[in-house]
Amino acid sequence: MKKTILLFAIIFSLFSCSKDDEPTPVPVVPELTFTKTEKIVTAPIRNISSFWWAIMDKNGSTEELFYIHNHDNTATVTEKGMMEYNLATNTFTDKAKSSNVVAAGYMSNFTDGNGGFYYISNEFNFYNKTTNSWTSYAAGSPEFPNSVYANHGESKGCTIRSVGKVFYIGGRTACKTVKYFNWTNNTWNFAADYPLTISGGPAVATDTKDIYALGGYLGSSVSSKKFYKLDVATNTWITLPEAPVAPMLNDERNSIIYLKKRIIFLGEDKLLHIFNTETNTWQTNTIDPAIPVNVSGWVDAHLDTNPNATTGKFYILYRKANSTLGIQEYQ
C-alpha cells in the first residue's frame, strides 16, 4: 500500500511541475548609456551672471533653442537681459527681459507652455515667444489670486502640455502644497498634497501625463532622497524607490529631466543618475559630467531636453569660469 501511495505521489509531482508553472523570466533591460560631446559655443552677447535662468523651447519646435536670462538686479549693467541661443546655427539673439527675474529670496525656475514659458516668484510672469514680450500679473489679481500667491516663492514648476497645465510644488516656507495653473481658462487650483513636508521645491520632471518629483529641503539645507510620482489623471501620489543620493537643488535652474522612459538627475555627488520608469529601478552606472564647480562647491548647471525632437538628446548648460556659456550634449 505504501508503494502504491508513493507511486501516485511521484506521478502527481511529474504532472504538476509543468512548464506553465515555471516562473516567467524577468526581461533584462540594458542600462542606458550616453556619449558626451562638448559643444563649441560662440561668444555670447553678454556674459552669464552669477544667478541665471535657462529653458529649452518645447512649444512644438523641434529646434534646439535655449533661452538664458540673467538676474535683473545684477550690479553689472552689461549683464542685464535675456538671450536666445540656436544650437544649429551657433548664434545668440537678444530677447526681451523681465525686471521680475531677479536674484531675490523668492526665486523660481522657468517652465514651458502656452507658446512661451512661465516664471513665478513674487509675481506671475509669462514670456510670449511669438511677440517677444513679458506679461506680469500682480499678486491679488484674478490671474494670480492671494490664495495661490501665498508662500509661492521658491516653488518648482513643470508642465503637462497635453492638458495645458503648469504645476508648482512647495514654497519658501516648509509645506506640502501643490498648485496648478490652467492656461486654457486662466484659472488656478490645488492638487493633492506632496507626500513630504519640504521647504523650497523638489527637482521636478514630467512625461506626457505624470509628474516625477525628487527631494526637497528638509531643513538646514538637507535635501531628501525621497522619490514620488503624481498620477495627474487620478490626482494620486505614488512612492517610488528612494534615490541613491539627493538631487542638487537650485532655485533658478533645473537638475532633472525625463527622456526615453528614464529620469535623469544631477545628484549632490555631482554625478548624473538614471532611473528606469518601466522597471522602477535605479541604474548602477552613473555619468560624470565633469563640470567646474562654483565658489560654493556646487555645479552651476541646467539640465534640459526637447520632447518634440527625435534625436533622443539631452543637454547640460553651465557657466564657465570666464562667465561664458558652456554646453554638453548627450546622445
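**Strands, salt bridges and rings: a short tour**

Okay, let's start with two strands: S26 and S27 run antiparallel, and four bridges join them. A word on terms: helices (H or I, at least four residues) and strands (E, at least two) are DSSP runs, numbered from the N terminus. Two strands count as paired if DSSP finds at least two bridges between them.

Before I go on, some housekeeping. What you see is a predicted model, where local features need pLDDT of at least 70 and side-chain atom pairs count only at pLDDT 80 or more, while totals for chains, interfaces and linings use all residues. Residues are numbered from 1 along each chain as its sequence is written, and side-chain values use heavy atoms, with hydrogens and water left out.

Back to our strands. Leu303 stands opposite Ile316 in S27. Zooming out, there is an open sheet of four strands in the order S1-S28-S27-S26, with antiparallel pairing. Which strands are at the edges? They are S1 (36-38) and S26 (301-304), each of which pairs on one side only. Neighbouring strands of this sheet are turned by 20° against each other on average, direction ignored. For that angle, axes are lines fitted to C-alpha atoms, for helices over the stretch in contact, and angles run from 0 to 180 degrees between N-to-C directions.

Now a residue from that region. Thr324 is found in the loop between S27 (314-319) and S28 (325-330). Is Thr324 buried or exposed? Buried, at 18% relative accessibility. The cut-offs here: buried is under 20% relative accessible area, exposed is over 50%, and partly exposed is in between, with a 1.4 Å probe and protein chains only. The side chains of Thr324 and Asn322 are joined by a polar contact of 2.6 Å. By polar contact I mean a pair of N or O atoms within 3.5 Å; within protein, one must be able to donate a hydrogen and the other to accept it, and residues adjacent in sequence count only if both atoms are side-chain atoms. If you leave aside neighbours within four places in sequence, Thr324 is in contact (heavy atoms within 4.5 Å) with Pro44, Asn47, Ile48, Tyr318 and Arg319.

Next up, a hairpin. S6 (residues 110-113) has Phe110 and Asp112 pointing one way and Thr111 and Gly113 the other, and all are buried. S6 pairs with S7 (residues 116-120) in the antiparallel sense over four bridges, and the bridge partner of Asp112 in S7 is Phe117. The hairpin has two residues between the strands, and Asn114 takes a positive phi near 60° there.

On to charges. How many salt bridges does a search of the whole structure find? It finds 15, where a salt bridge is a side-chain nitrogen of Lys or Arg within 4 Å of a carboxyl oxygen of Asp or Glu. Take Asp57 and Lys129, whose side chains meet at 2.5 Å, N to O. Asp57 sits in the loop between S2 (52-56) and S3 (65-70) and Lys129 in the loop between S8 (124-128) and S9 (133-137), so the pair ties together parts that are 72 residues apart in sequence. Asp57 is buried at 3% relative accessibility, whereas Lys129 is partly exposed at 28%.

Then there's Lys97 with Asp72, with the closest N and O atoms 2.9 Å apart. Lys97 is in the loop between S5 (91-95) and S6, and Asp72 is in the loop between S3 and S4 (82-86), so this pair ties together parts 25 residues apart in sequence. Lys97 is partly exposed at 37% and Asp72 is buried at 9%. There is also a network of salt bridges linking Glu252, Arg253, Asp300 and Arg319.

Last stop: rings. The whole structure has 34 aromatic pairs. Rings of Phe, Tyr and Trp (its six-membered ring) pair if their centres lie within 6.5 Å; planes under 30 degrees apart count as stacked, over 60 as edge-to-face and the rest as tilted. Tyr118 and Phe124 are stacked, at 5.6 Å centre to centre and 15° between the planes, and both are buried. Phe124 also pairs edge-to-face with Trp188, at 5.5 Å and 70°.
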